[in-house]
Amino acid sequence: AVSLFFYLTADHIKSFQVVQGTLSRNDTYTAFAMRTESVQLSSGSGYVQFYTPNASKISRGSAVYGISATENADTSGISSLQTIFYADQDGVVVYGSDGYESYTEDSLTPELFSTKASVVSFDSGAQTEPGNAVYRLVTDEQWEIAVPVTNKQVVTLSNFSTIKVKFLKDGKTQTGTLNLKSINDQNYAVISFTSGMIRYAEDRFLSIELVTNNGSGLKIPNTAITEKDFYKIPAQMLVQGGDSNSSGFLREKTDKKGNVMLDDNGQPVTEFVNATIYEQVNDENDNPVEYYVDMAAFNDGDILRAQDSATTYQIGETVPLQGVYCINKGYAVFRKIQFVDQNAEYSIIKKQTQYGISQYDYIVENASTVSEEDIVH
(Lines give C-alpha, C1' and ligand atoms only; values in the text may rest on other atoms or scores of the structure.)
Protein backbone atom coordinates (compact mmCIF):
# COMPACT_ATOMS: atom_id res chain seq x y z
CA ALA A 1 0.00 0.00 0.00
CA VAL A 2 2.83 2.41 0.84
CA SER A 3 4.60 1.60 -2.43
CA LEU A 4 1.37 2.11 -4.35
CA PHE A 5 0.81 5.46 -2.62
CA PHE A 6 4.28 6.74 -3.53
CA TYR A 7 3.88 5.51 -7.10
CA LEU A 8 0.54 7.23 -7.56
CA THR A 9 1.69 10.51 -6.01
CA ALA A 10 5.12 10.64 -7.66
CA ASP A 11 5.85 12.73 -10.73
CA HIS A 12 5.74 10.46 -13.78
CA ILE A 13 8.32 11.46 -16.36
CA LYS A 14 7.27 11.50 -20.00
CA SER A 15 9.71 9.67 -22.24
CA PHE A 16 10.54 10.08 -25.92
CA GLN A 17 11.89 7.34 -28.17
CA VAL A 18 14.73 8.56 -30.36
CA VAL A 19 14.16 8.06 -34.08
CA GLN A 20 16.06 8.90 -37.23
CA GLY A 21 14.73 11.83 -39.23
CA THR A 22 15.15 15.23 -40.85
CA LEU A 23 13.62 18.65 -40.32
CA SER A 24 11.05 20.05 -42.72
CA ARG A 25 12.31 23.62 -42.66
CA ASN A 26 13.09 24.93 -46.13
CA ASP A 27 12.33 28.49 -47.17
CA THR A 28 9.74 28.98 -49.93
CA TYR A 29 10.29 31.58 -52.65
CA THR A 30 8.73 32.96 -55.81
CA ALA A 31 11.32 32.51 -58.56
CA PHE A 32 11.60 34.35 -61.87
CA ALA A 33 12.59 32.13 -64.81
CA MET A 34 15.01 33.35 -67.50
CA ARG A 35 15.60 31.46 -70.73
CA THR A 36 17.12 31.94 -74.18
CA GLU A 37 13.86 32.59 -76.00
CA SER A 38 12.23 34.84 -78.54
CA VAL A 39 8.74 35.59 -79.84
CA GLN A 40 8.28 34.56 -83.46
CA LEU A 41 6.17 36.85 -85.62
CA SER A 42 3.68 35.90 -88.31
CA SER A 43 4.76 36.32 -91.91
CA GLY A 44 1.26 36.15 -93.33
CA SER A 45 -2.38 36.94 -92.68
CA GLY A 46 -5.23 34.55 -92.17
CA TYR A 47 -6.23 31.78 -89.81
CA VAL A 48 -3.55 29.91 -87.87
CA GLN A 49 -3.29 26.14 -87.47
CA PHE A 50 -0.54 24.77 -85.21
CA TYR A 51 1.16 21.48 -86.08
CA THR A 52 3.36 21.08 -83.01
CA PRO A 53 1.96 20.46 -79.49
CA ASN A 54 2.43 23.24 -76.96
CA ALA A 55 5.63 23.09 -74.86
CA SER A 56 7.20 20.40 -77.03
CA LYS A 57 10.53 20.03 -78.77
CA ILE A 58 10.87 20.81 -82.45
CA SER A 59 13.78 20.45 -84.83
CA ARG A 60 14.93 22.90 -87.45
CA GLY A 61 12.91 22.62 -90.65
CA SER A 62 9.84 21.11 -88.99
CA ALA A 63 6.41 22.60 -89.64
CA VAL A 64 5.26 24.79 -86.77
CA TYR A 65 2.08 26.35 -88.12
CA GLY A 66 0.11 27.05 -91.25
CA ILE A 67 -1.99 30.04 -92.34
CA SER A 68 -5.08 29.70 -94.51
CA ALA A 69 -7.40 32.25 -96.01
CA THR A 70 -10.55 30.63 -94.65
CA GLU A 71 -11.52 29.96 -91.03
CA ASN A 72 -12.58 26.36 -91.62
CA ALA A 73 -9.39 25.14 -93.30
CA ASP A 74 -8.41 23.03 -90.25
CA THR A 75 -7.42 19.48 -91.42
CA SER A 76 -5.79 16.45 -89.77
CA GLY A 77 -2.57 17.04 -91.73
CA ILE A 78 -0.74 19.82 -93.57
CA SER A 79 -3.14 21.21 -96.15
CA SER A 80 -2.13 22.30 -99.63
CA LEU A 81 -4.50 25.23 -99.12
CA GLN A 82 -2.28 26.62 -96.37
CA THR A 83 0.98 28.49 -96.33
CA ILE A 84 3.27 26.49 -94.07
CA PHE A 85 5.92 28.05 -91.82
CA TYR A 86 8.89 26.07 -90.52
CA ALA A 87 11.21 26.38 -87.53
CA ASP A 88 14.55 27.94 -88.44
CA GLN A 89 16.32 26.28 -85.47
CA ASP A 90 15.89 23.57 -82.84
CA GLY A 91 13.97 24.50 -79.71
CA VAL A 92 10.86 24.20 -77.60
CA VAL A 93 7.66 25.72 -78.96
CA VAL A 94 5.34 27.58 -76.57
CA TYR A 95 2.08 29.15 -77.71
CA GLY A 96 2.03 32.09 -75.36
CA SER A 97 3.94 35.27 -74.52
CA ASP A 98 4.21 37.31 -71.30
CA GLY A 99 6.51 40.14 -72.37
CA TYR A 100 9.44 38.98 -70.23
CA GLU A 101 11.21 36.99 -72.95
CA SER A 102 14.15 39.40 -73.17
CA TYR A 103 14.66 39.78 -69.41
CA THR A 104 18.11 38.99 -68.00
CA GLU A 105 19.68 39.24 -64.54
CA ASP A 106 20.24 42.98 -65.07
CA SER A 107 16.47 43.41 -65.51
CA LEU A 108 15.65 42.13 -62.02
CA THR A 109 13.97 44.46 -59.53
CA PRO A 110 12.22 43.75 -56.19
CA GLU A 111 8.95 45.01 -57.68
CA LEU A 112 9.08 42.34 -60.38
CA PHE A 113 8.40 39.62 -57.80
CA SER A 114 5.19 41.23 -56.57
CA THR A 115 3.56 41.06 -60.01
CA LYS A 116 2.03 38.21 -61.95
CA ALA A 117 2.80 37.45 -65.57
CA SER A 118 -0.09 38.27 -67.89
CA VAL A 119 0.17 35.64 -70.61
CA VAL A 120 -1.20 36.22 -74.11
CA SER A 121 -2.10 32.82 -75.54
CA PHE A 122 -1.83 31.99 -79.23
CA ASP A 123 -4.70 29.72 -80.22
CA SER A 124 -5.10 27.47 -83.21
CA GLY A 125 -7.88 28.84 -85.41
CA ALA A 126 -7.28 32.46 -84.41
CA GLN A 127 -6.82 35.13 -87.03
CA THR A 128 -3.44 36.81 -87.42
CA GLU A 129 -1.73 39.54 -89.43
CA PRO A 130 1.90 39.98 -90.55
CA GLY A 131 4.03 41.05 -87.60
CA ASN A 132 1.70 39.58 -84.96
CA ALA A 133 3.22 37.24 -82.38
CA VAL A 134 2.41 33.67 -83.29
CA TYR A 135 4.60 31.47 -81.03
CA ARG A 136 7.53 31.57 -78.64
CA LEU A 137 10.68 29.52 -79.24
CA VAL A 138 13.10 28.56 -76.46
CA THR A 139 16.41 27.60 -78.06
CA ASP A 140 18.67 26.54 -75.17
CA GLU A 141 18.25 23.80 -72.57
CA GLN A 142 20.23 25.91 -70.10
CA TRP A 143 18.05 28.23 -68.03
CA GLU A 144 18.07 30.19 -64.78
CA ILE A 145 15.80 31.17 -61.96
CA ALA A 146 16.32 34.11 -59.62
CA VAL A 147 14.87 34.79 -56.16
CA PRO A 148 15.35 37.85 -53.92
CA VAL A 149 16.98 36.94 -50.59
CA THR A 150 17.64 38.70 -47.30
CA ASN A 151 21.05 39.21 -45.70
CA LYS A 152 20.29 36.39 -43.28
CA GLN A 153 19.41 34.05 -46.14
CA VAL A 154 22.62 35.03 -47.92
CA VAL A 155 24.59 33.79 -44.91
CA THR A 156 22.86 30.42 -45.08
CA LEU A 157 23.09 30.09 -48.85
CA SER A 158 26.77 31.09 -48.93
CA ASN A 159 27.56 27.56 -47.71
CA PHE A 160 26.31 26.10 -51.00
CA SER A 161 27.82 26.09 -54.50
CA THR A 162 25.06 23.83 -55.80
CA ILE A 163 21.60 23.56 -54.35
CA LYS A 164 18.57 21.32 -54.66
CA VAL A 165 15.39 23.10 -55.74
CA LYS A 166 11.91 21.69 -55.20
CA PHE A 167 9.35 22.98 -57.69
CA LEU A 168 5.98 23.15 -55.94
CA LYS A 169 4.09 23.00 -59.25
CA ASP A 170 4.79 19.28 -59.63
CA GLY A 171 6.82 18.35 -56.54
CA LYS A 172 9.92 17.51 -58.59
CA THR A 173 13.41 18.42 -57.39
CA GLN A 174 16.43 19.43 -59.42
CA THR A 175 19.98 20.46 -58.51
CA GLY A 176 21.43 23.64 -59.97
CA THR A 177 24.51 25.84 -59.67
CA LEU A 178 24.02 28.61 -57.11
CA ASN A 179 25.42 32.13 -57.42
CA LEU A 180 24.67 34.95 -54.99
CA LYS A 181 24.52 38.34 -56.65
CA SER A 182 23.73 41.91 -55.73
CA ILE A 183 21.70 43.54 -58.52
CA ASN A 184 20.35 47.07 -58.21
CA ASP A 185 20.99 47.04 -54.42
CA GLN A 186 19.05 43.79 -53.89
CA ASN A 187 20.51 40.38 -53.09
CA TYR A 188 19.46 37.52 -55.35
CA ALA A 189 20.09 33.82 -55.47
CA VAL A 190 20.54 32.94 -59.14
CA ILE A 191 20.36 29.22 -59.88
CA SER A 192 21.41 27.76 -63.22
CA PHE A 193 20.18 24.47 -64.66
CA THR A 194 21.30 22.41 -67.62
CA SER A 195 18.11 20.37 -67.93
CA GLY A 196 14.44 20.37 -67.00
CA MET A 197 13.63 23.57 -68.85
CA ILE A 198 10.84 22.02 -70.93
CA ARG A 199 8.82 21.09 -67.82
CA TYR A 200 8.40 24.76 -66.91
CA ALA A 201 8.70 26.39 -70.35
CA GLU A 202 5.19 27.84 -70.02
CA ASP A 203 5.89 29.40 -66.58
CA ARG A 204 7.57 32.69 -65.78
CA PHE A 205 7.01 32.74 -62.01
CA LEU A 206 7.54 29.51 -60.10
CA SER A 207 6.91 28.68 -56.44
CA ILE A 208 9.95 26.82 -55.15
CA GLU A 209 11.71 25.60 -52.04
CA LEU A 210 15.48 25.86 -51.68
CA VAL A 211 16.50 22.66 -49.94
CA THR A 212 19.10 23.93 -47.49
CA ASN A 213 18.12 21.47 -44.79
CA ASN A 214 20.11 18.41 -45.91
CA GLY A 215 21.11 17.16 -42.49
CA SER A 216 19.80 13.86 -41.24
CA GLY A 217 20.41 12.10 -37.99
CA LEU A 218 18.57 11.42 -34.74
CA LYS A 219 15.51 13.57 -34.14
CA ILE A 220 14.79 14.78 -30.60
CA PRO A 221 12.52 17.48 -29.10
CA ASN A 222 14.28 20.66 -28.01
CA THR A 223 12.67 20.34 -24.59
CA ALA A 224 14.83 17.26 -23.98
CA ILE A 225 18.07 19.26 -24.25
CA THR A 226 19.96 20.18 -21.10
CA GLU A 227 23.50 21.18 -20.08
CA LYS A 228 26.07 19.64 -17.80
CA ASP A 229 29.40 21.06 -16.67
CA PHE A 230 32.66 19.16 -17.19
CA TYR A 231 36.19 19.79 -16.03
CA LYS A 232 38.55 21.03 -18.73
CA ILE A 233 41.94 19.28 -18.57
CA PRO A 234 44.95 19.84 -20.88
CA ALA A 235 45.72 16.87 -23.12
CA GLN A 236 49.31 16.65 -21.86
CA MET A 237 48.02 15.49 -18.48
CA LEU A 238 46.57 12.24 -19.87
CA VAL A 239 48.44 9.08 -18.83
CA GLN A 240 48.09 5.34 -19.28
CA GLY A 241 46.95 3.21 -16.33
CA GLY A 242 49.66 1.36 -14.44
CA ASP A 243 48.24 -2.17 -14.72
CA SER A 244 45.90 -1.63 -17.66
CA ASN A 245 45.64 -0.01 -21.06
CA SER A 246 43.01 2.45 -19.88
CA SER A 247 43.66 6.18 -20.02
CA GLY A 248 43.24 8.54 -17.09
CA PHE A 249 45.04 11.07 -14.92
CA LEU A 250 47.52 11.08 -12.06
CA ARG A 251 46.17 12.94 -9.05
CA GLU A 252 48.29 13.96 -6.07
CA LYS A 253 47.02 12.31 -2.90
CA THR A 254 46.25 14.41 0.14
CA ASP A 255 45.76 13.60 3.80
CA LYS A 256 42.67 14.42 5.85
CA LYS A 257 43.94 17.97 6.35
CA GLY A 258 44.33 18.50 2.64
CA ASN A 259 48.12 18.38 2.65
CA VAL A 260 49.91 16.64 -0.23
CA MET A 261 51.26 13.26 0.81
CA LEU A 262 54.97 12.63 0.12
CA ASP A 263 56.89 9.39 -0.41
CA ASP A 264 60.23 8.47 1.19
CA ASN A 265 62.04 10.56 -1.38
CA GLY A 266 59.96 13.63 -0.66
CA GLN A 267 58.02 13.34 -3.92
CA PRO A 268 54.23 13.74 -4.11
CA VAL A 269 52.33 10.47 -3.95
CA THR A 270 49.94 10.07 -6.90
CA GLU A 271 46.97 7.88 -7.65
CA PHE A 272 45.56 6.88 -11.03
CA VAL A 273 42.05 8.18 -11.74
CA ASN A 274 40.20 6.46 -14.57
CA ALA A 275 37.91 9.41 -15.36
CA THR A 276 35.33 9.39 -18.15
CA ILE A 277 36.30 11.66 -21.05
CA TYR A 278 33.20 13.02 -22.78
CA GLU A 279 34.92 15.10 -25.46
CA GLN A 280 38.34 15.60 -27.02
CA VAL A 281 39.26 18.98 -28.52
CA ASN A 282 41.85 18.90 -31.32
CA ASP A 283 44.00 21.55 -32.95
CA GLU A 284 44.14 22.29 -36.68
CA ASN A 285 46.49 19.32 -37.16
CA ASP A 286 44.01 17.00 -35.42
CA ASN A 287 46.19 16.64 -32.33
CA PRO A 288 44.43 16.59 -28.92
CA VAL A 289 44.60 19.87 -27.02
CA GLU A 290 42.24 19.31 -24.10
CA TYR A 291 39.68 16.93 -22.70
CA TYR A 292 36.29 17.52 -21.10
CA VAL A 293 36.04 15.14 -18.17
CA ASP A 294 33.17 14.01 -15.94
CA MET A 295 33.32 16.07 -12.73
CA ALA A 296 32.30 13.13 -10.53
CA ALA A 297 35.88 11.81 -10.46
CA PHE A 298 37.50 15.02 -9.13
CA ASN A 299 37.10 17.95 -6.78
CA ASP A 300 37.93 21.61 -7.29
CA GLY A 301 41.57 22.17 -6.43
CA ASP A 302 42.80 18.63 -7.14
CA ILE A 303 46.33 18.65 -8.52
CA LEU A 304 47.12 16.53 -11.56
CA ARG A 305 50.64 15.57 -12.51
CA ALA A 306 51.87 14.65 -15.97
CA GLN A 307 53.52 11.25 -16.28
CA ASP A 308 57.34 11.37 -16.01
CA SER A 309 57.16 15.14 -15.72
CA ALA A 310 57.03 17.86 -13.12
CA THR A 311 54.18 19.54 -15.01
CA THR A 312 51.09 19.98 -12.87
CA TYR A 313 47.57 21.25 -13.41
CA GLN A 314 45.01 22.31 -10.83
CA ILE A 315 41.46 21.16 -11.46
CA GLY A 316 38.92 23.99 -11.55
CA GLU A 317 38.00 25.33 -14.98
CA THR A 318 34.74 23.94 -16.33
CA VAL A 319 32.92 23.95 -19.65
CA PRO A 320 29.26 23.10 -20.37
CA LEU A 321 28.22 20.42 -22.85
CA GLN A 322 24.72 19.99 -24.19
CA GLY A 323 22.98 16.66 -23.95
CA VAL A 324 19.90 14.72 -22.94
CA TYR A 325 18.93 12.35 -20.14
CA CYS A 326 18.83 8.74 -21.30
CA ILE A 327 16.51 6.54 -19.23
CA ASN A 328 17.00 3.09 -20.76
CA LYS A 329 18.10 1.70 -17.38
CA GLY A 330 15.33 3.30 -15.36
CA TYR A 331 17.30 6.29 -14.13
CA ALA A 332 18.48 9.52 -15.76
CA VAL A 333 21.96 9.38 -17.30
CA PHE A 334 23.46 12.37 -19.12
CA ARG A 335 24.39 11.69 -22.74
CA LYS A 336 26.22 14.21 -24.92
CA ILE A 337 24.75 15.41 -28.24
CA GLN A 338 26.20 17.11 -31.32
CA PHE A 339 23.86 19.18 -33.48
CA VAL A 340 23.29 18.74 -37.22
CA ASP A 341 20.28 21.04 -37.55
CA GLN A 342 17.58 22.64 -35.44
CA ASN A 343 14.25 24.42 -35.75
CA ALA A 344 11.85 25.82 -33.15
CA GLU A 345 10.62 22.41 -31.98
CA TYR A 346 13.15 19.71 -32.86
CA SER A 347 16.86 19.11 -33.27
CA ILE A 348 18.73 16.69 -35.51
CA ILE A 349 21.84 15.30 -33.81
CA LYS A 350 24.72 13.19 -35.03
CA LYS A 351 24.56 9.43 -34.80
CA GLN A 352 27.20 7.21 -33.22
CA THR A 353 28.88 9.88 -31.10
CA GLN A 354 30.96 8.86 -28.10
CA TYR A 355 28.86 8.93 -24.90
CA GLY A 356 25.87 9.84 -27.06
CA ILE A 357 22.53 8.23 -27.78
CA SER A 358 21.36 5.77 -30.41
CA GLN A 359 18.22 5.19 -32.39
CA TYR A 360 15.38 3.72 -30.30
CA ASP A 361 16.91 4.91 -27.00
CA TYR A 362 14.45 6.42 -24.55
CA ILE A 363 15.18 9.91 -23.28
CA VAL A 364 13.35 12.34 -20.98
CA GLU A 365 11.11 14.48 -23.16
CA ASN A 366 11.40 17.50 -20.84
CA ALA A 367 14.84 17.70 -19.24
CA SER A 368 13.69 20.29 -16.69
CA THR A 369 11.56 17.66 -14.93
CA VAL A 370 14.49 15.51 -13.74
CA SER A 371 18.03 15.63 -12.46
CA GLU A 372 20.84 13.25 -13.28
CA GLU A 373 20.63 9.91 -11.44
CA ASP A 374 16.90 10.39 -10.71
CA ILE A 375 14.96 7.14 -10.82
CA VAL A 376 12.34 7.46 -13.54
CA HIS A 377 8.87 5.91 -13.22
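Me: What kind of model is it, and how are residues numbered?
Reply: It is a predicted model, where local features need pLDDT of at least 70, side-chain atom pairs count only at pLDDT 80 or more, and totals for chains, interfaces and linings use all residues. Residues are numbered from 1 along each chain as its sequence is written, and side-chain values use heavy atoms, with hydrogens and water left out.

Me: How many aromatic pairs does the structure hold?
Reply: There are 20 aromatic pairs. Rings of Phe, Tyr and Trp (its six-membered ring) pair if their centres lie within 6.5 Å; planes under 30 degrees apart count as stacked, over 60 as edge-to-face and the rest as tilted.

Me: Give me one. How do Phe-50 and Tyr-95 sit?
Reply: They are stacked, at 3.8 Å centre to centre and with 25° between the planes. The pair links distant parts of the chain, 45 residues apart. Phe-50 is in strand 4 (residues 46-50), and Tyr-95 is in the loop between strand 8 (91-94) and strand 9 (96-97). Strands (E, at least two residues) are DSSP runs, as are helices (H or I, at least four), and both are numbered from the N terminus.

Me: Are Phe-50 and Tyr-95 buried or exposed?
Reply: Both Phe-50 and Tyr-95 are buried. Buried means under 20% relative accessible area, exposed means over 50%, and partly exposed is in between (1.4 Å probe, protein chains only).

Me: Why is the pair of Phe-113 and Tyr-188 called tilted?
Reply: Their planes are at 35° and their centres 5.9 Å apart, so the pair counts as tilted. Phe-113 lies in the loop between strand 9 and strand 10 (120-121), and Tyr-188 in strand 15 (residues 186-193), so the pair ties together parts 75 residues apart in sequence. Phe-113 and Tyr-188 are both buried. They also belong to one aromatic cluster with Phe-32, Tyr-100, Tyr-103 and Phe-205.

Me: What is the bridge partner of Lys-219 in strand 29?
Reply: Ile-348 is. The charged end of Lys-219 also sits over the ring of Tyr-346, 4.8 Å from its centre. That label needs NZ of Lys or CZ of Arg within 6 Å of the ring centre and within 35 degrees of the ring normal.

Me: Now Glu-37. Which side chains does its own side chain make polar contacts with?
Reply: Arg-136, at 2.5 Å, and Arg-204, at 2.8 Å. A polar contact is a pair of N or O atoms within 3.5 Å; within protein, one must be able to donate a hydrogen and the other to accept it, and residues adjacent in sequence count only if both atoms are side-chain atoms. Glu-37 is in strand 3 (residues 28-41), and is buried, with a relative accessible area of 11%.

Me: And where is Asp-255?
Reply: Asp-255 is in the loop between strand 20 (247-252) and strand 21 (270-273). Asp-255 is partly exposed, with a relative accessible area of 35%. A polar atom of its side chain lies 2.9 Å from the backbone nitrogen of Lys-257.

Technical notes: Pairing = 2+ DSSP bridges.
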